[in-house]
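The following paragraphs lead the reader through a protein model and the contact between its chains.

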Amino acid sequence: MKPMFRGLLGAAIVAAGILSAPARPARAAEPPAKIALTGARVIPVAGPDLEGATILIEHGRITAVGADAKIPFDAMEIDCTGKVIMPGLIEPQSWRGLDVPNETLPVAPFLDVADAMDPSRLYFEDALRDGITTIHVIQADSTVIGGLSRAVRPIGLTPDEMAVAAGLALKMSISPRGGYDRMQQMATFRETFRELDEYTETIAEQKYEESLSKENKKVDVGPAEARQRGRKLLTDADHDDQHRNLMRLKRGDLIAWINVGSAMDVAPAVQLATEHGFFEKTVFALGSDTFKAIGELKKAGRPVILPEDLFHRERDSVTGEIRETFIPAKIHEAGLMFALQPNPNSSMAERYLTYQAALCVRHGIPRQTALEAITLNAAKMMGLGDRLGSIEAGKVANLTIYNGDPLDFNSWVEQVYIDGILAYDRSDDPRLEELLRLEGVAKEADEAKRQAAEEAKKESAPADGQNAEPKPTEESKPAESTSPAENARPRRGGGGGR
Amino acid sequence: MKVQFFQIADRRINSSLLRFLSLFAAMLLPPSAMGQEVSAYRVGKIITMNEKDEVINNAVLIVRDGKVAQIGKASQVEIPEGAEVIEMPSCWLVPGFVELHNHSAGASTDLHDYVYLTNPDLRTLESVNPGTENFKLARAGGVTSALLISGSGTNMSGLGTVIKFAEGQMGDVVLKFPGSIKIAQAGNPERYWFRVGRSFMNYNLRQTLQAARDYHQEWLDFESGKTKQQPLFDPIYDPFRGLFRGEFIASMHTQQYQVVMMTLMLVKGQFGIRTVLDHSTFDGYKNATLVIEGQDVITINGPRQLYFDGTQRRIFGNAHRWWQGGIPKLGINTDSPVIPQEELSYQAAMACYYGWKTYEAIRGLTRIGAEALLLEDRIGSLRPGMDADFAIWSGDPIDPRSTCWIAVIDGQVVRDARGELRRF
C-alpha cells in the first residue's frame with residue numbers, strides 16, 4: 001500500500017516540475033478511496049487511548065475507530081502495529097506562512113491573509129515534519145485591526161488549495177502597534193467603531209427608503225425608526241469593503257482574535273469585545289505577563305492562546321534573583337481552555353508542539369489537557385471543533401503517526417495523513433536525511449577529536465615518568481604552554497586537531 | 001495603391017489562395033511602376049521559426065515592399081530581376097528579436113508616476129521617443145521590436161506600447177497600442193509613500209481590475225440590449241475593454257513563488273486576462289504546474305538568469321528550471337535598461353549556460369515574444385507575408401561570440417555593421 005501512496009506523491013512532485021528534492025510546494029493528491037490503519041495505539045484525544053485499534057478512512061474522512069472496527073473488503077490495510085496515532089497537531093496562530101507578516105495600514109479589516117500567503121515557505125514543510133496538519137495563518141501583532149485569517153493545511157500549491165477554512169477570524173491587537181501608544185491604539189478602535197455605526201445608520205436609512213420606494217410608498221416613520229427597520233434589511237452586499245467585515249464581526253460571523261500582549265490589556269480587551277457584541281466569539285492571544293491578570297481572564301472565561309515561551313521570567317532588581325513562572329499552570333488552575341504554540345525562536349526543543357505539551361505534563365498539568373492543548377482546543381477556538389482535532393468517526397482524517405509516545409522526545413513523526421492523503425513519510429524525507437547525515441558526520445568528528453585527545457594524553461603521560469620514551473622532535477612539539485590535550489582540540493583560527 | 005491592396009489582402013482575408021493571388025498580381029506589375037522595393041538575402045542558414053520549425057540551409061529570402069515575399073533553398077528560389085542582392089553565405093538569418101519588457105524606448109523621466117498606487121490612465125505611447133540612442137543600440141543587438149512599459153513602482157503603472165526600433169518618427173515606430181497593461185504585484189510598489197504590504201497590494205489591484213471589468217460589463221449589457229441606459233464613457237477604464245476582450249495582455253512584473261502564484265490566481269484566474277509573466281525569477285519557477293494549467297500564460301524570464309537557492313545551497317538557471325517544469329512557452333527579457341536591450345541575446349546565452357536549449361532560446365526571443373504580444377501574424381517568424389524584420393548574424397545568435405552584422409526592419413536595412421569593428 002505504502003509504495004502506492006508514495007507513487008501518488010511522486011506523481012505530484014513530477015507534475016510540479018521539481019525533479020530533484022525538495023518537493024515543496026507540491027500539488028496535493030486526491031485522497032484514496034478507503035484505507036484502514038490497523039494495530040496501532042490510538043490517542044483519540046476525544047476519549048481514552050485505544051490499544052490495537054483500527055482507524056477506517058473513507059475519502060479523507062474517518063468513518064470508524066476502535067479495536068472492533070470492521071474493515072470493508074475494498075479498503076487497503078496499512079499495518080501500524082507498534083505505532084502511536086494522534087490527531088494531526090494544530091498550530092493555533094502563525095504569521096510565518098505570510099510573505100509579509102504585517103500590513104502598514106492600522107485599520108485594514110478588508111484584507112485577507114490569502115493575498116500574502118506563500119505556500120513555498122519551508123515553514124510548511126517543517127510543519128509537516130513536526131506532525132502539524134492545520135495552521136491558522138493570521139496577520140502579526142503590529143496592527144489595530146489586521147484583516148481576515150485563514151486555516152490551512154501545509155500541502156498544496158496555492159492558498160485556495162491549502163485552505164481548510166477561509167475568512168475565519170479578524171485579527172485585532174490591544175497592545176499598541178509599532179509607533180503607536182496605548183491611548184492612540186484604543187482611540188483608533190473607538191473611532192473605527194463609531195464611524196462604523198454612523199456608516200451603518202446612513203445605509204440602513206437608505207435601505208429602508210429604497211425598500212419603500214420599490215413599493216411606491218412614502219417614508220412613514222422618523223429617521224431613528226427608519227434606521228432601526230433598515231438595519232434588519234441590510235445584507236453583506238450593502239456594506240463596502242472597509243465596513244463589511246466589521247459588521248460581520250459585530251453580528252458574530254467572525255471570530256475576534258485579539259492580541260492581549262500584557263496584563264494591562266486584558267480589561268480594555270474585555271470592554272471592547274463586550275461593547276461591540278463579539279465577546280462570545282473572542283479568543284485572546286496572550287503575551288508573556290498577561291497571566292498576571294488571571295482574575296480578569298478567569299472572569300472572562302474566554303479561550304486563550306499561550307505565548308510561544310511558556311515561562312515568564314522576571315529579575316528582582318535588588319537581589320538579581322530570577323523568578324520563573326510556568327504560564328500554563330496558572331491558566332490551567334484558572335480553568336481556562338488554552339492552546340499551545342510552537343516556539344520558532346527557540347533553538348531548543350520548544351519548537352515542537354509535542355515538547356510544549358510534555359513541558360506542561362512535567363509541570364503537573366494532566367496529560368489529557370496537554371494533548372487537547374495541541375489538538376482539539378485550537379480546533380474549537382477556530383470554530384472547527386466538529387471537523388478537526390480528534391480521532392472520531394465523522395472527522396477529517398488528519399493523523400500524525402509516531403513510532404512511540406508523542407510526548408516522549410525520543411519518538412519520531414513517522415507519517416502524517418491530511419484529509420486521508422499521505423502527506424509526509426519520514427522514510428522519504430531527503431532534507432531530514434541530509435540533516436541526520438550531517439549530524440553523523442559531526443558525531444564522527446567529535447569522536448575522532450576525543451580519541452586524538454586521549455592518545456595525546458597517553459603520549460604525554462610517560463614523559464613525566466622515569467622511563468620516558470624519546471621526546472617529540474621540535475617540529476611536532478606543541479606551541480608553548482598548551483597541553484597536548486588542548487592542542488588536539490581544533491581552535492578558531494588556530495588549525496590543530498585533526 | 002499596391003501597399004493598401006497587399007495589406008488588406010493579408011490582414012482581412014485569411015486565405016492562402018487569395019494571398020497567393022495577391023502576390024501573383026503584384027508580380028505581374030513592374031516593380032518601378034508600383035514604387036516597390038525588392039531585395040534578396042542569400043545566407044548560409046535561415047531560422048524561420050515557422051510552425052514547422054524549419055531551418056533552411058543555403059537559403060534565400062526575398063523581401064518585397066517591407067514584407068517577406070519568398071523564402072527557400074537558394075537552388076529553388078529565383079531572385080527577381082532588379083533586386084538588390086545581399087550575399088552573406090556564411091551567416092545566419094534570424095527573425096528580429098522581440099523584447100517584452102522595455103523601459104528605454106521612451107524618455108527616461110517618464111518611467112514612473114507615484115501619484116497613485118494604481119495608475120490605469122497612464123500611457124507609454126505618450127513617452128515613446130524615436131530619437132533616443134537606445135533605438136540604434138537595440139538594432140545593433142538584433143532586437144527589432146519591443147514592448148515599452150512604464151516602471152514597476154506602483155501596482156498598475158499604465159498601458160504599454162509595442163514599438164519597432166525602426167528609423168523615423170512616431171508613426172513609423174508604433175506597432176500596437178495598447179500593447180499591454182503593466183501590473184506589479186510586489187517587489188517595488190512597497191516604496192509607495194505609506195509603505196504598502198503584500199495583502200494590501202493584491203487587494204488594491206483586485207479593486208482596480210474589478211472596477212475596469214464592471215465598466216466593461218456595463219457596456220456589454222448595454223450593447224447586447226440588456227440595459228437601456230447608455231453607460232457614461234470613462235476615459236480611464238475604456239481602454240481596458242480591449243484587455244477583457246483579449247486584444248492585449250497584462251504584462252506582469254512578478255517574481256518569487258508567492259507573487260507569481262498570486263499573478264496566476266488573481267490576474268489570470270479571477271479575471272481571465274491574457275497574462276504574460278515578466279521576470280518570473282527567483283523561485284518563481286516552482287509555479288510551472290500552475291502556468292501549464294493557465295494554458296495561454298506565457299513566461300518571459302529574466303533579467304539575471306540565475307537563482308541561488310539558500311535552502312538547497314545551489315545555483316539554478318531560472319529558464320532551465322522553468323523549462324524542466326514543462327512549460328511550453330518561455331521567453332527572455334532584459335528589463336532594459338536594467339540589462340541593455342541590445343544584450344537580449346546575452347541573457348539568452350546565460351539561460352543556456354545554465355541549462356536551457358539554444359534553439360528554444362532563439363524561439364523564446366522571437367516567436368514566443370510575438371505570440372505573447374498577440375502579434376504572431378506580423379512579427380517573430382519568417383513566412384511569406386510577415387513583416388520583414390530580421391537580423392543577419394555571423395553565427396548562432398545565442399553564442400556570445402557572434403556578431404549581428406545587419407538588422408532589417410520592415411524591409412529597410414536599419415543597421416549595417418559590415419566593415420565596422422565595434423559591436424554596438
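**The interface between chain B and chain A**

Chain B and chain A are joined by 3 salt bridges, a salt bridge being a side-chain nitrogen of Lys or Arg within 4 Å of a carboxyl oxygen of Asp or Glu. A:Asp115 forms a salt bridge with B:Arg206, with 2.7 Å between the closest N and O atoms. The model is predicted: local features need pLDDT of at least 70 and side-chain atom pairs count only at pLDDT 80 or more, whereas totals for chains, interfaces and linings use all residues. Residues are numbered from 1 along each chain as its sequence is written, chains are lettered from A and ligands numbered from 1 in the order in which they are written, and side-chain values use heavy atoms, with hydrogens and water left out.

The contact (heavy atoms within 4.5 Å) takes 33 residues from chain A and 29 residues from chain B. In chain B, the residues that lose the most area to chain A are B:Ser199, B:Tyr257 and B:Lys286, together 22% of what that side buries. The two chains bury about 2,500 Å² between them, 52% of it on carbon and sulfur atoms; this buried area is the accessible area (1.4 Å probe) that two parts lose on being put together, summed over both.

Chain B itself has 13 helices and 17 strands, taken as DSSP runs numbered from the N terminus (helices H or I, at least four residues; strands E, at least two). Of its 424 residues, 59% count as buried, that is, under 20% relative accessible area with a 1.4 Å probe, protein chains only.

Note on methods. Buried < 20%, exposed > 50% of the residue type's maximum accessible area, 1.4 Å probe, protein only.
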